[in-house]
Amino acid sequence: MSHDHDGHDHDHDHPHEPIGHDGDPPAAARARALEELLVEKGVITREAVRQGVDWLVSRSPADGSRLVARAWADPEFKERLLSDAREAALEVGLDPGPSPKVVAVENTDDVHHMVVCTLCSCYPRALLGPPPAWYKSLPYRSRAVSEPHAVLAEFGVELDPDVEVHVLDSTADIRYLVIPQRPEGTEGMPEEDLAALVTRDSMIGVARASSPAAAAA
Amino acid sequence: MERGVHDTGGRPTTEPIDRTEHELADWELLTDALVGALGRAGVMNVDELRRGIESMPPADYERASYYERWLFSAETILTEKGVLAPGELEARL
Amino acid sequence: MTLEVGRRVRVSAREHRGHHRTPGYLKGRAGTIQRYQGSFTNPETRAYGDSGLPEQGLYLVRFENGVPIYADIYEHWLEEIG
């Protein structure tokens, strides 16, 4: 595509942003410059930043999946998870993250839970990894509390008419984790295999857990 | 009653939810880690981070990506606290 | 003030300029206490460099908004209603 810059005649509309490092937005250079300055000033150390990056990239939905799988397999663990998810995570040797309280809520035949943070993007990152972009988006944050059924339909979730949708808005420092319903046909499955059925979206509440047939496909 | 631009719950919108997955870019991981390090160092806490984000001019807030908001907030709060001198970051670019 | 589970409450509709964690769509709304979540530093003051002490009680409140909505609301935003 050629650009004719005389008089800035464009046949398309885009802002002219300075091309930086590998086509990054300007914010990338600002972030790097900010790190440089703060390290030079002794406000933070480069090592502290590195540790932060390492922690974040180590996070994924796998830990959350393990908690859910154990809850499916062990009803007494499920009660402990529902009672205090932070302690339950620690019990299994997982990092529940810096949030002072993590609460697990259970989907049943009667109730389907969905989690949102309308004010920003609070999310159980230690157990699920960084939130997906859509979770942080303005339309999800707006619509999850005003038209959750429509949002679920967009995500392809069909619920029986007598299932109540309950929406949790993470307005303070408590983080919420959804325990999706255990799929049919999973009796006797080892925990590892159960965990493979527990998707990130099912722990946010915009999907069901995968069925064994679908997961094997 | 006036609501902050960040106070999105129930706001009418026709915008569809874009479900495209995005891996975090290096600079986004860096920004996240910078804010975390500032928190652990006792320089900026999460409530200040949120307050800084909420102070963005509404049009900028809506246009900015998630970590651009974090960066704006960190710069604003750090300048307010005198950790950064006004214009000091610009001079580095 | 300790609000027991099941207590009916209303979220204040007062104007608050500055950082706070009570969403606009719930201001003025009536709800039911579901759970006491514990006490936490006050984000409204901590956001401005204060310690955030004394800690404030936080409650999980259930609202009806077409569907049940649960949100964590600070005690000082809640009024008991008959």
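Two strands pair if DSSP finds at least two bridges between them; helices (H or I, at least four residues) and strands (E, at least two) are DSSP runs, numbered from the N terminus. This is a predicted model, in which local features need pLDDT of at least 70 and side-chain atom pairs count only at pLDDT 80 or more, while totals for chains, interfaces and linings use all residues. Residues are numbered from 1 along each chain as its sequence is written, and chains are lettered from A, ligands from 1, in the order in which they are written.

**Exercise 1.** Find the bridge partner of A:Leu168 in E4(C), then describe the side of chain C that touches chain A.

*Solution.* Start with the strands: E3 of chain A (residues 164–169) and E4(C) run parallel and are joined by 3 bridges. Within E4(C), C:Tyr70 is the bridge partner of A:Leu168.

Next, widen the view to contacts (C-beta atoms, placed from the backbone, within 7 Å). Chain C contributes 15 residues and chain A 16 residues. On the chain C side, strands E2 (30–40) and E4 (68–74) each supply at least two residues, and E4(C) gives the largest share, 6 residues.

Finally, sort that side by class: 10 residues are nonpolar, 3 polar and 2 charged. Here Ala, Val, Leu, Ile, Met, Phe, Trp, Tyr, Cys and Pro count as nonpolar, Asp, Glu, Lys and Arg as charged, and the others, Gly among them, as polar.

**Exercise 2.** Check the span of helix H4 (residues 66–80) of chain B and work out what covers its buried residues.

*Solution.* The expected span is 1.5 Å times one less than the number of residues. For the 15 residues of H4(B) that gives 21 Å, and the end C-alpha atoms are 21 Å apart, so the two agree.

Now for burial (20 or more other C-beta atoms within 10 Å of a residue's own, all placed from the backbone). In H4(B), 11 of the 15 residues are buried, including B:Trp70, B:Phe72 and B:Ala74. Their cover includes helix H1 (26–40) of chain A, along with H1 (26–40), H2 (46–54) and H3 (58–63) of chain B. Just after the helix, B:Gly82 takes a positive phi of about 80°.

**Exercise 3.** Which contacts does B:Ala74 make beyond its neighbours within four places in sequence?

*Solution.* List the partners: A:Leu34, B:Leu34, B:Val35, B:Leu38 and B:Met44. Then turn to the chains, where 45 residues of chain B are in contact with 42 residues of chain A. On the chain B side, H1(B) gives the most, with 11 residues.

Notes. Two residues are in contact if their C-beta atoms, placed from the backbone, lie within 7 Å. A residue is buried if 20 or more other C-beta atoms lie within 10 Å of its own, exposed if 12 or fewer, and partly exposed in between; C-beta atoms are placed from the backbone.
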